[in-house]
Amino acid sequence: GIGGGGMETLSFERVARKAHEMGLVTGVALHCFSRWEWTTATFDIPTIGSISVAADVLSVRYGDGAAPELKRRMTTGGYDFIKRSSVNYPAVQRNNAGVTTYTPAACIVELSVNTFTGEIEIMRHHSLVDSGQMIVPELVSGQLQGGLAMGIGHALMEELPLYEDGPGNGTWNFNRYTLPRAKNVAVWNQTADYLAPLSETSPTRGLGEVVMVPIIAATGNAIAHAIGKRFYQLPVTPEKIRKALAL
């Protein structure tokens with residue numbers, strides 16, 4: 001609840017009921033954007049006035065007791081879309097700060113290509129990761145394993161056609177959109193080296209999806225080394241392998 005100063009604690013339900021009775025803002029939807037500095041914008045909100053917030057899009061919902069003219073404004077998904085009077089996007093140059101917070105990673109892949117069927121089997125892979133100070137090593141390992149599976153799926157399996165035959169036609173599900181399973185990602189033969197921090201004060205770095213990038217390139221290189229054919233569109237499917245070898 002909401003309380004303090006020795007006063008009665010008010011439950012959320014009680015506060016919400018009163019806000020609806022008074023026709024106050026009872027819901028907010030917003031969008032935030034950062035280039036290592038938050039975008040800020042100014043909005044003129046009925047019943048509140050002009051405010052500057054760290055968001056570039058803002059919509060509000062008014063309580064049940066709001067005046068009719070306010071309720072008529074709620075035409076965007078039941079919300080009142082508030083036009084901003086000014087907005088400040090940080091300079092694009094600030095994106096350069098990202099290189100200091102991302103985890104550098106590299107990967108090497110060993111695979112086998114069946115030149116008759118075109119099937120590709122990932123035999124093993126090894127990653128080098130410079131994640132800085134690791135707060136929870138188990139989570140870092142989990143992010144690495146998940147990102148590697150994402151990369152292998154992107155490189156070898158996950159394909160959707162464009163236009164009318166794509167996923168928007170309502171016939172696509174996991175029976176047609178193939179995701180990698182444990183057997184496809186060499187789950188028992190994947191290894192990694194985590195580089196030690198340069199010092200005790202070295203910062204932590206973001207991991208997440210960045211580790212999927214090098215394994216895609218490593219997989220493509222390994223296929224090229226195996227069959228002497230290089231592919232420039234992903235995924236590299238058995239059909240593409242067979243067609244390339246038939247040329």
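This is a predicted model: local features need pLDDT of at least 70, side-chain atom pairs count only at pLDDT 80 or more; totals for chains, interfaces and linings use all residues.
User: Where does Asp 193 sit, and how far is Asp 193 from His 126 in sequence and in space?

Analyst: Asp 193 belongs to strand S9, residues 190–194. Asp 193 and His 126 are 67 residues apart in sequence. In space, their C-alpha atoms are 7.8 Å apart.

User: Let me try a second residue. Where is Met 212, and is Met 212 buried or exposed?

Analyst: Met 212 lies in helix H4. Its relative accessible area is 16%, so Met 212 is buried. Met 212 and Ala 149 are 63 residues apart in sequence, and 7.5 Å separates them from C-alpha to C-alpha.

User: On to the core. How many residues does the largest nonpolar core have, and which have the most contacts inside it?

Analyst: A nonpolar core is built from buried residues joined through side-chain atoms within 4.5 Å. The largest one here has 27 residues. Those with the most contacts inside this core are Val 109, Leu 111, Ile 120, Ile 122, Leu 156, Ile 223 and Ile 241.

User: Which elements give two or more residues to this core?

Analyst: Strand S7 (105–113), S8, helix H3 (137–156) and helix H4 (212–227) do. H4 gives the most, with 7 residues.

User: Next, pockets. How much space lies in the largest pocket?

Analyst: The general idea is a probe. Rolling a probe the size of a water molecule over the atoms shows where empty space is left. In this model, the largest pocket holds about 310 Å³ of space.

User: How many residues line the largest pocket, and which lie nearest its centre?

Analyst: The lining has 17 residues. Nearest the centre are Glu 119, Ile 120, Leu 156, Met 157 and Pro 238. Strand S8 (120–129) and helix H5 (238–246) are the elements that give two or more residues to the lining. S8 gives the most, with 3 residues.

User: How does the lining of the largest pocket split by class?

Analyst: Count 7 nonpolar, 4 polar and 6 charged residues. Also compare the pocket with the core. Ile 120 and Leu 156 are among the residues nearest the pocket centre, and both are named among those with the most contacts in the largest nonpolar core.

User: Now the sheets. In what order do strands S1, S4 and S5 stand?

Analyst: Keep one general point in mind. In a regular strand the side chains alternate between the two faces of the sheet. Here an open sheet of 3 strands has the order S1-S4-S5, with antiparallel pairing. Strand S1 (25–31) and strand S5 (80–82) each have a single partner strand, so one side of each lacks a neighbour in the sheet. The twist averages 25° from one strand to the next.

User: How many bridges link S1 and S4, and how many link S4 and S5?

Analyst: S1 and strand S4 (residues 57–62) pair over 6 bridges. In S4, Tyr 62 faces Val 25 as its opposite residue, and Leu 58 stands opposite Leu 30. S4 and S5 pair over 3 bridges. There, Val 60 stands opposite Asp 80 in S5.

User: Last, the backbone. Where are Trp 36 and Tyr 163, each with a positive phi?

Analyst: Most residues other than glycine have a negative phi, and most peptide bonds are trans. Trp 36 has a positive phi of about 60°. Trp 36 is in the loop between S1 and S2, and is partly exposed at 37%. Tyr 163 has a positive phi of about 65°. Tyr 163 is in the loop between H3 and S9, and counts as exposed at 70%.

User: Which peptide bond is cis, and where is Pro 235?

Analyst: The bond from Leu 234 to Pro 235 is cis, with omega near 0°. Pro 235 is in the loop between H4 and H5.

Technical notes: Residues are numbered from 1 along each chain as its sequence is written. Side-chain values use heavy atoms; hydrogens and water are left out. On a 1 Å grid over the protein atoms alone, a cavity is a set of points where a 1.4 Å probe fits but cannot get out, and a pocket is an open set with protein on both sides within 12 Å along at least five of seven lines; lining residues have an atom within 4 Å of a point. Grid points are joined across faces, edges and corners, and a volume is the space filled by probe spheres set on the points. Helices (H or I, at least four residues) and strands (E, at least two) are DSSP runs, numbered from the N terminus. Ala, Val, Leu, Ile, Met, Phe, Trp, Tyr, Cys and Pro count as nonpolar, Asp, Glu, Lys and Arg as charged, and the others, Gly among them, as polar. Buried means under 20% relative accessible area, exposed over 50%, partly exposed in between (1.4 Å probe, protein chains only). Two strands pair if DSSP finds at least two bridges between them. Axes are lines fitted to C-alpha atoms, for helices over the stretch in contact, and angles run from 0 to 180 degrees between N-to-C directions.
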